Amino acid sequence: MNRHWEESCAYMERKYTDPDFYQDAPGIPLAELIQELKKLEERDRNLPRVMSKAHAVAFTLENMQIAVSDLDYFPALASCQKRPTTRSHMSDWGFKYVAQIFSAAEQQIIADCRDPRVVQLRTDFDHSVPDWDAVLELGFSGLLERVCRFEESKRSEFPAHPEYQAFYESIKIEYRAALVLLDRLIAEAEKLPPHRKGGELLRALRQLRSGKAETFYEALLQIWLFFQLSEYVDCIQTRSFGNLDRILYPYFQRDIAGGRFTEADIREIIRHFLYQITAMHYTVGHPFYFGGTNADGSSAINRLSAILLEEYADLGIFDPKLQIKVSADTPPDFLDFALNLIRSGRNSIAFVGEPCIVRTMLKHGYSLREAQTADIKGCYEYCARGSTVETAPLTINTAKILGLTLRNGVELLSGKPLGLVTGKAESFTTFKQFYRAYLKQLFFQIDRFIPLVLRLEKDMDMINPAPFFSGTVENSLRTAQDGYARGCRYNNTNIWLCGMATTADSLTAIKRYVFDKKELTLPELVEILDRDFEGNELLRQRLLHDPEKYGNDMELPDLLATHVAHAAARRYNGKPNSRGGFFTMSLHASNRFIQWADQVEATPDGRKRGDELSKNMSATQGNALKGATAIINSVLKFDSSCFMADLPVDIMLHPSEVKGEAGLAAMRALVMSFIKNYGHAIHFNVMDCDTLRKAQNEPEKYRHLQVRICGWNVLWNSIPKAEQDAYIRQAEVL
Amino acid sequence: MSGVILDYEHFAIHDGPGIRTVVFLKGCPLRCIWCHTPDSQAKFPELACKSERCLHCGCCGGLSGQLPVVNPDESQLDAVSHCPVRALECRGKVVSAEEVIAEAAKDMCFYQESGGGLTISGGEPLFQPEFTREILHLADAKGIRCCIESCGWGDYKHLQSFIPYTEAFLFDWKVSDPELHRRLTGADNLLIRENLCKLNADGAAIFLRCPLVPGINDQDEHLDTIARLAEELTNVKAIHIEPYHPMARGKYLELNRIFDPQLPDGFPPAELIDHYISYIGQRCSKPVLLP
């Protein structure tokens, strides 16, 4: 790594983390800016919110502090990560909106269910991808012209009822302000020495000010600026950078062929781009994805894909989070490169299956083209490119639903009757009765929250109008409706079910121990769970170590997991939402599996209060006892087309399981078997010796960890401490 | 037909090509002092206790303190089932060949993608030849490709009968000197060598698997013989070096059996493993690999 690069890295770190970075920069300091924005909000109170927002965005772009440097290809904007309009406008709007649409009683229900982590209702603005093709094709000025054309068309269509006026006007205000920001940045860049980065930056900014990007660098700068303004000024409207290798490839080819940039130049620009994202230290990561299939049916993996991934590898960074959209013809070399990264401990790459996406989207009425060109938009979720906003406002904790079923609708920790009266524990004489009661409780919660979701999402532009995003969505421009509210062609709403494996394992334990073997009665079990297994540690150990758990390709727990999920999918998939789309079920836990654990009482699978819940559709921690193929087999029992947003699985492997050429080939075969059999998303964790030490200290949490001894694998916990020590010593020198 | 197996291992990637399921059969004619799977040696199920996991709760009626127990009776198995943390286990169970195939077939999609299949290992497949043959027949009918991992000690007619259904034999060559072989494994290697040569003559694909224990069986003469055998036997495709590791020590403790004190405490250094590979590699044209 050369000295210049080290200086550049230090600069990029400072730009995102040093509170004094903007001390001498032109513009209004952030705190002052927010005060000014609050005054604006007061002033604009009688305007449509979209106009108020546009004024705030314009004021921000015209006045916030900015900086450019010869050390960086990308400018610094003080708004990054601060989201000033969130503080001045949206938090208040959100609060007022909720107060307006929900009665006091409804708000009480929402809080009662939220606090003990039974159900979470939220406004979700975090799962969108703008139409990056349009952004690059048009640039800010072209986007502005397009808005004007659509406005004109609308005016000729409906001259007498100009309700659309504020919609178009707000977009124009924001895009014009983006051009003002470009002017400001150009003025700053003109002060830089004209050689190397400063000169390149100035030329690129001037090009973007006058039109669309022509070179690779200009295209990447356009993407970066759009992302910054959409996500951090207009706020939370760009989750993913999209399919970077595909959208940037024409620029790459042209620059190389025309001698505008060398591959080394391109690599340097990419390094700066990637490092920006790392330096931002954004907690949940901003993703981009590789691959997929081109319109002509060929793999979208290209030379640029390799360069992007190589530079990511060379930087040794963990953010941005990467996804690879895998199809049957994804080049094995590219997959191997990615898998090799994962083997070396870079476990931030997820593989998302195109066959699953295509099948699922066709089933839900999307066209083949939309299905084949779908974007990955969040962690693993997918959507029709340039025409979708999908939200995830409702998360149901299936493990808490089990608690409600065991206690006749009463939530243990609060003592409140949050569920349905489905019968006291002693009233269930068969497992079937109990299971039916469970589904009733589950459906009761979803049923009663769906009307609240419908109201919450009916006017999302009352909380966070999104002109910057809407301007990229052709359907939004055509219909003059906010892109987040209902302007997109596809406006679906996902319902997340979390804790599914914990629930399946618990239902299995209830069936086996209470109804099959009759080792204890259901009331006795409830009493034991109420006491968090205190005084019943032996029973807890039995439950915990019982091998009949989801994720091991076993009949009963897998059946129960799939049955609960499919029952919910059958009931709610396709139900209309309030944005012109429909509901879909999703099996995504996000970070709830750990964040919610404290509020989830002991469960019949032997889990104590506070222990982690299961994550996504993985086995519960420590219970994938039969290895990678077994857990994949369990996940493949789900009909992935019923879970349009998410059906991800996380698999933990030890480096010894996947070492050498055979290990790499095996990893690739795992991915391809999963993908070809319509698996949705798969993610590997390959553990190192530090992890092994943790596994030694906290064996219960790592009961599924396998190590390869020589000719076979064994579970880490199945070997005595002395051997574990030996293995750790060996791992230390790897 | 039924047989006794120790266990299955799914996602095995070093016991034949691709992703494989390994079924470990119970019973072995040899008693190699370094044996990594002592719980596979007895033909019958055997009790084992992971003492570090044991809560000493008494749920097993004290059975965990009475090991070794081979071929446990019903009351002992019942006691095993009461162990809350599964520290006390019965290693081995009777299953049908159909059950083995059903278990292996679960991973069919991985075999198809990776070129993998089922590996019958042990113990020693030749110790249950009819059962092994039945598994091979059923696997063949199901389209599952099989490998056999064998120490080679047994009636050749059985090995020969496996050939049409076996993609490759992972054939152990442990010690070259017959007398040393007898001392270290309990039997000389004359029959093994004879079977290896016959297998080669009958056209079976063979991978020589050579466990090497520093100071025990890693003499140059042995390495020379490995190279010579691989060179002479035309159907030996490669040599797999299996460096010694001390990880089996715990298993002996679990069975309440003695781990041979003459065995090394640690892993062989990487340089020594490199030496094995380069030494043999210089003396034969076949690939020398670490599986």
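A: Let's start with R114(A) and D115(A), whose side chains form a salt bridge with N and O 3.1 Å apart. A salt bridge here is a side-chain nitrogen of Lys or Arg within 4 Å of a carboxyl oxygen of Asp or Glu. Both partners are partly exposed: D115(A) has a relative accessible area of 45%, and R114(A) has 37%. (Buried stands for under 20% relative accessible area, exposed for over 50%, and partly exposed for what falls in between, using a 1.4 Å probe and protein chains only.)

Before going on, please note that this is a predicted model, where local features need pLDDT of at least 70 and side-chain atom pairs count only at pLDDT 80 or more, while totals for chains, interfaces and linings use all residues. Residues are numbered from 1 along each chain as its sequence is written, chains are lettered from A and ligands numbered from 1 in the order in which they are written, and side-chain values use heavy atoms, leaving out hydrogens and water.

Another salt bridge joins R267(A) to E311(A), at 2.7 Å from N to O. R267(A) belongs to helix α11 (residues 263-280) and E311(A) to helix α12 (residues 303-315) of chain A, so this pair ties together parts 44 residues apart in sequence. (Helices, H or I with at least four residues, and strands, E with at least two, are DSSP runs numbered from the N terminus.) Here both partners are buried, R267(A) with a relative accessible area of 17% and E311(A) with 6%. The two also belong to one network, in which salt bridges with shared partners join E263(A), R267(A), R271(A), R303(A), E310(A), E311(A) and D314(A).

Further along chain A, K511(A) and D516(A) make a salt bridge whose closest N and O atoms are 3.1 Å apart. D516(A) is partly exposed, at 38% relative accessibility. Over all chains, the structure holds 76 salt bridges.

What about the place where the chains meet? Between chain A and chain B the rule finds one salt bridge, and it pairs K676(A) with E113(B) at 2.9 Å, N to O. On the side of chain A that touches chain B, α23 (537-545), α26 (627-635), α27 (660-676) and α29 (721-732) each supply at least two residues. Of these, α27(A) gives the most, with eight residues. That side of chain A divides into 18 nonpolar, 13 polar and ten charged residues. (Ala, Val, Leu, Ile, Met, Phe, Trp, Tyr, Cys and Pro count as nonpolar, Asp, Glu, Lys and Arg as charged, and the others, Gly among them, as polar.)

In total, 41 residues of chain A and 38 residues of chain B take part in the contact, where contact means heavy atoms within 4.5 Å. The area buried between the two chains is about 3,400 Å², and carbon and sulfur atoms give 63% of that. (Buried area is the accessible area, with a 1.4 Å probe, that two parts lose on being put together, summed over both.) The interface also has eight residue pairs in polar contact, with both residues at pLDDT 80 or more. (A polar contact is a pair of N or O atoms within 3.5 Å; within protein, one must be able to donate a hydrogen and the other to accept it, and residues adjacent in sequence count only if both atoms are side-chain atoms.)
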